[in-house]
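Please keep the structure open while reading, and look up each residue as it is named.

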Amino acid sequence: MEDPQWTGQPVLAGRGLVKRYGTQYALAGIDIDIQAGDAVAIVGPSGSGKTSLLHVLAGILRADSGQIFLAGQRVDQLNERKRSELRRTEFGFVFQSGMLVAELSAEENVALPSLLGGKGRKESIEAGREWLAKLGLAGKEKRRPGELSGGEAQRVAIARALTHRPKVIFADEPTGALDTRTGRATMDALLSAAADSGAAVIVVTHDRELAETMPRTVSIRDGLIATRLAA
C-alpha cells in the first residue's frame with residue numbers, strides 16, 4: 001500500500017508512531033522522514049524514546065499504532081517472518097557491542113547476512129573481504145573478534161551491515177564502548193562507507209559532540225520530536 005500524500009518519497013518514513021509500555025508512552029505520535037543517503041542522529045535523554053523509535057522503524061518492535069513505509073510501500077503490517085526477511089535484506093545494523101559471533105572469523109561474520117539470505121559461501125566471503133578492505137581491515141579477515149581491537153571489531157560490524165547493500169543502516173550507540181578518538185574514526189568509517197553504497201544511516205547516540213558532526217539531528221523528548229536540525 002503506497003501513501004498517496006507523498007511527494008519525493010523518502011526511503012523510510014513513519015507516520016503517527018505510538019508505542020506504549022503499560023501506561024507510559026515511549027512514542028507519542030511521531031512523524032519522521034528519512035531520505036535516501038541521509039545521515040541522521042537521534043538524540044535525547046534516557047527514556048526519551050529514541051531507542052524505541054529506532055527499533056520500531058527497523059521492525060524489531062511493533063508500534064501500537066501508526067504506519068511505516070519503506071520506499072513508499074507500507075511495511076508495519078507485515079507478519080514476523082516477512083519483517084525478519086526485511087531486516088535481513090533491506091536493513092543493516094550496528095550495535096554498541098558489535099554483536100559479532102565470537103567463533104567466526106571477521107570475513108565469516110561479514111558474510112553471515114548473505115549466507116542467511118541464501119547466497120553461496122564463496123560469493124558471500126568474497127564480498128565480505130571486499131568490504132573489510134574498504135574499511136581498512138585487509139589482512140585481518142581470518143581474525144576472530146577476540147583478536148581485534150574495539151575499533152576494528154566495530155568496523156567488522158559496519159562491513160557486515162553493508163555487505164548486502166541495505167537501504168537503511170540502524171546504529172544504536174555504535175561508539176558507546178569506544179574511546180573518543182576511536183569512536184570518531186569509527187563513525188567516519190560508517191558514514192563514508194554508507195555514502196559509497198547509497199544507504200541512509202540512522203544513529204541513536206547520547207554523545208552530543210558526535211551528533212553535531214552529523215548532517216542532520218532529530219531530538220526526542222517525552223516520545224515526541226522536539227527539534228529537527230540540519231547542518
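Predicted model: local features only at pLDDT ≥ 70, side-chain atom pairs only at ≥ 80, totals over all residues.

In the classes used here, Ala, Val, Leu, Ile, Met, Phe, Trp, Tyr, Cys and Pro count as nonpolar, Asp, Glu, Lys and Arg count as charged, and the others, Gly among them, count as polar. With these classes, the lining of the largest cavity has 9 nonpolar, 1 polar and 3 charged residues.

**The cavity**

- Rolling a probe the size of a water molecule over the atoms shows where empty space is left.
- The count comes to 1 cavity of 30 Å³ or more, and about 90 Å³ of space lies in the largest cavity.
- The largest cavity is lined by 13 residues, and the closest to its centre are Val56, Gly59, Ile68, Asp76 and Arg83.

**The largest pocket**

- The largest pocket has a volume of about 390 Å³, and of the 14 residues that line it, Phe93, Phe95, Pro113, Leu116 and Arg160 are the closest to its centre.
- Helix 2 (80–89), strand 6 (91–95), helix 3 and helix 5 are the elements that give two or more residues to this lining, and strand 6 gives the most, with 4 residues.
- By class, the lining of the largest pocket has 9 nonpolar, 2 polar and 3 charged residues.

**Helix 3 with helix 5**

- The axes of helix 3 (residues 106–116) and helix 5 (residues 150–162) come within 7 Å and cross at roughly 30°.
- Because angles under 35 degrees count as roughly parallel, this crossing makes helix 3 roughly parallel to helix 5.
- Helix 3 passes helix 5 in a right-handed crossing, and the contact is made by Ala106, Asn109, Val110 and Pro113 of helix 3 together with Val156, Ala159 and Arg160 of helix 5.
- By class, this contact has 5 nonpolar, 1 polar and 1 charged residues.

**Helix 3 with helix 4**

- The axes of helix 3 and helix 4 (residues 121–134) come within 8 Å and cross at roughly 125°, which makes helix 3 oblique to helix 4.
- Helix 3 passes helix 4 in a right-handed crossing.
- On the side of helix 3, the contact is made by Ala106, Glu107, Glu108, Val110, Ala111, Ser114 and Leu115, and on the side of helix 4 by Arg121, Ser124, Ile125, Gly128, Arg129 and Leu132.
- The residues of the contact of helix 3 with helix 4 divide into 6 nonpolar, 3 polar and 4 charged.

**Helix 5 with helix 6**

- Helix 5 and helix 6 (residues 180–197) pack at an angle of about 15°, with their axes 10 Å apart, and this angle makes helix 5 roughly parallel to helix 6.
- The crossing of helix 5 and helix 6 is right-handed.
- The residues of the contact of helix 5 with helix 6 divide into 7 nonpolar, 5 polar and 1 charged.

Methods. Residues numbered from 1 in each chain as written. Heavy atoms only, no water. Axes fitted to C-alpha atoms, helices over the stretch in contact; angles between N-to-C directions. Parallel < 35°, antiparallel > 145°, perpendicular 65-115°, else oblique. Left-handed = near helix turned anticlockwise from the far one by under 90°. Contact = heavy atoms within 4.5 Å. 1 Å grid on protein atoms, 1.4 Å probe; cavity = no way out; pocket = protein on both sides within 12 Å on 5 of 7 lines; lining within 4 Å. Points joined across faces, edges and corners; volume = space filled by probe spheres on them.
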